[in-house]
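Take your time, and try each one before reading on.

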Amino acid sequence: MFPLAIRAITATSAMGTGRAATAAALRDRRGGLAPCDLAGMPGGVWIGRVRDAEAVEPPAPLAAFACRNTRLAELALRQDGFLAAVEAARARHGAARIAVVLGTSTSGIEETERAWARRGPDGALPAYDFERTHDLHALPRYVRARLRLSGPCVSISTACTSGARAFLDAAAMIAAGLVDAAVVGGADTLCRLTLHGFGSLELLAKGPTRPCAEDRDGISIGEAAAFALLERAGPGDAGGIGLLGAGASSDGHHMSSPHPDGHGAVAAMRGALDSAGLRPEAIGYVNMHGTGTRANDAMEDRAIAALFGAAVPCSSTKGWSGHTLGASGALEAAIAAICVEDGLVPGCLGVDRPDPAFASGIAVANRAARIDRVLSNSFGFGGSNCALVIGRLP
Amino acid sequence: MTLSVGVAGIGLLGPGFAGWAAARAALAGAAPFEPAPVAIPPPALLPPTERRRTGPSVRLAIAVATEAVQESGIPPEELDTVFASSNGEGQVIAGILEALHAADGAISPTQFHNSVHNAAAGYWGIAVGSSRPSVSLGGHDQVFATGLMQAAVQVVAGGAPVLFVAHDVPLPPPLDAMRATAAPFAAALVLTPQRGAHGLLRLAYHAGTAEEPPLPEAMAALRAANPVARALPLLAALARGQAASLCLALLEDSHLAVEAAP
């Protein structure tokens, strides 16, 4: 199944609109989190809000898709020459030979939240386009129509692994010969359901999230859209950025708590390395799921240490972006590509020293280094685990 | 490009279809089809504390998955899974939306973790003690055909059997007015790299619209009542055990061509 060439990759989150802004934020250690100023949200929390997306409108023929998630997806699609790269792929392969495989946890549910507040005296919702906003399929349908593609359309919703899982499922489609290329990634946007949901689990940080800190106190929720164009790699692609491997597993343990020993996380990482034909020492940096909760970061540290010891630098970049849920795997795949291209290990933001109980090689300051391959972790509710290897094509 | 996969086990639950074994004659046209309310069994595989937390969509999924896997004879913990549902657990989503707009705005942590679209997959993993990879898909009215295509892709790409489960239950008010789903319906297939007890399926993706096959009147009504029931022409072909060729609609501009070979 691997490797696959990543012909284009783009990301938009609170840390930056497009890859250059995202890379600059990483380099300058400038995070995108701020105190929450959206109405109806839990008090005293910080969020990663993409204000620039709020005024974006989809092109007129697709106006029915307008909602917070579509606006953010549209803003992201316009960055980094992504539209042109897909156009070129369409000319190469034909519109029906390119799949759209995208992850989201809550799609445009924010539209239903708004409608709910305007229910009539009989409890009925006011009219809105549920099918093109709230429904999970709305995101890939929008992107597919926007890119004038006519290949298979798949919506993935595996909670916080959705965006990473899209890379793996699209790779299987290319390997099976169903398509020649795929637009993959994910988009998730701020909504009351997720903020209050994580609030109900007492998992929201009081200030900006500080993954891997000894006194870390939880998650900051963010929003993001990130997309990549995958194709089979050819001999001329050596040295370019590619998807070198991917692995997944289930915990089979609990709906919202990870297995404390991280068995599922280890299995996903091992699966990713095996599919890439790589040993752990071939990895130059691990981009952690690192949500900033006590349980996730401790579990993930144990899992990483079991495979890598303390030899490989690892960090979470959610201190910049917040936890962007179903988009996080795609956002962090783009960050992994930046780390390879720029030769950067971004140390956890806002963390003076890592949790002294941790055994893995947590980085808390930026360091320059040649990075050829990054392992990127995503874990989610329902015991879903997914790991990607992004790096230079052999 | 054709995806070729075997069918080693089938599970089914819907109005008038109390399991694949019980439904087979009616599907094949050898017995009358009599729609009746669906009794969704509690998931006996789950420990009681977890069982209590499951909603109708999750229970429906686990019921058909259990039937299909038993028929296949493959240990459940050895199967990768593809779950597909357009509505997910609507009653949980509606409950959270209601709570968010109530005076205190408090939602329950259990409700929140049950609201994820992969709840059925998560509970299945707990029920059978599986650490195998799992993916959960949406797909609106095309959820069955999309899920079947993706499950077949995994079988062909991975060379290993996959459990495919499609399940949908009606949304509660007021969401039901936004998306009508009149009855619960779920189907599960254990797909294998080689021919299975139910033969082979050959699947091909095509751009362009296609006519969905005709069904007897009562079954056509059921097909319109639940997106997963769009599987009925394929299930009928599998029940008859004869070669068949049919189309399942994908988005408005594409379809999945399916050939069943016993």
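Q: At roughly what angle do the axes of helix α1 (residues 20–28) and helix α9 (residues 232–240) of chain B cross?
A: A quick note to begin: this is a predicted model. The axes of α1 and α9 of chain B come within 8 Å. They cross at roughly 95 degrees.

Q: Are α1(B) and α9(B) roughly parallel or roughly perpendicular?
A: The crossing angle is roughly 95 degrees. Angles of 65 to 115 degrees count as roughly perpendicular. So α1(B) and α9(B) are roughly perpendicular.

Q: Which residues of α9(B) make the contact with α1(B)?
A: From α1(B) come B:Arg24, B:Leu27 and B:Ala28. By class, the contact of α1(B) with α9(B) has five nonpolar, no polar and two charged residues. The α9(B) side is made by B:Leu235, B:Ala236, B:Ala239 and B:Arg240.

Q: Is the crossing of α1(A) and α12(A) left-handed or right-handed?
A: In chain A, helix α1 (residues 19–28) and helix α12 (residues 328–342) have axes that come within 10 Å and cross at roughly 70 degrees. These two helices are therefore roughly perpendicular to each other. Their crossing is right-handed.

Q: How many charged residues does the contact of α1(A) with α12(A) have?
A: The residues are A:Arg19, A:Thr22, A:Ala23 and A:Leu26 of α1(A), together with A:Ala334, A:Ile335, A:Ile338 and A:Asp342 of α12(A). Sorted by class, the contact has five nonpolar residues and one polar residue. The number of charged residues is two.

Q: How many residues of chain B take part in the contact with chain A?
A: Now let us look across the two chains. Chain A gives 55 residues to this contact. Elements of chain A that each supply at least two residues include α4 (109–116), α7 (162–175) and β10 (241–250). The side of chain A that touches chain B has 24 nonpolar, 22 polar and nine charged residues, and the number from chain B is 53.

Q: How far apart are the axes of α7(A) and helix α7 (residues 143–158) of chain B?
A: Two packed helices are described by the angle between their axes and the distance between the axes. Here the angle is about 70 degrees, which makes α7(A) roughly perpendicular to α7(B). The distance between the axes is 8 Å.

Q: Which residues of α7(B) make the contact with α7(A)?
A: The crossing of α7(A) and α7(B) is left-handed. On the α7(A) side are A:Asp169, A:Ala172, A:Met173 and A:Ala175. On the α7(B) side are B:Gln150, B:Val153, B:Gln154, B:Ala157 and B:Gly158.

Q: Is A:Ala170 buried or exposed?
A: A:Ala170 lies in helix α7 of chain A. Apart from its neighbours within four places in sequence, A:Ala170 is in contact with A:Ala99, A:Val101, A:Ala182, A:Val184 and A:Leu230. A residue is buried if 20 or more other C-beta atoms lie within 10 Å of its own. A:Ala170 has 31 of them, so A:Ala170 is buried.

Q: Is A:Ala34 buried or partly exposed?
A: A:Ala34 sits in strand β3 (residues 34–35) of chain A. Beyond four places in sequence, its contacts are A:Trp46, A:Ile47 and A:Arg49. With 15 other C-beta atoms within 10 Å, A:Ala34 is partly exposed.

Q: About what phi does A:Ser107 have?
A: Most residues other than glycine have a negative phi, and most peptide bonds are trans. A:Ser107 is in the loop between β5 (98–103) and α4 of chain A, and is buried, with 30 other C-beta atoms within 10 Å. This residue is not a glycine, yet its phi is positive, at about 45 degrees.

Q: Which residue does a cis peptide bond join to B:Pro173?
A: The omega of this bond is about 0 degrees.

How values were computed
Residues are numbered from 1 along each chain as its sequence is written. Chains are lettered from A and ligands numbered from 1 in the order in which they are written. This is a predicted model: local features need pLDDT of at least 70, side-chain atom pairs count only at pLDDT 80 or more; totals for chains, interfaces and linings use all residues. Two residues are in contact if their C-beta atoms, placed from the backbone, lie within 7 Å. Helices (H or I, at least four residues) and strands (E, at least two) are DSSP runs, numbered from the N terminus. Ala, Val, Leu, Ile, Met, Phe, Trp, Tyr, Cys and Pro count as nonpolar, Asp, Glu, Lys and Arg as charged, and the others, Gly among them, as polar. Axes are lines fitted to C-alpha atoms, for helices over the stretch in contact, and angles run from 0 to 180 degrees between N-to-C directions. Angles under 35 degrees count as roughly parallel, over 145 as roughly antiparallel, 65 to 115 as roughly perpendicular and the rest as oblique. A crossing is left-handed if the near helix is turned anticlockwise from the far one by less than a right angle, and right-handed if clockwise. A residue is buried if 20 or more other C-beta atoms lie within 10 Å of its own, exposed if 12 or fewer, and partly exposed in between; C-beta atoms are placed from the backbone.
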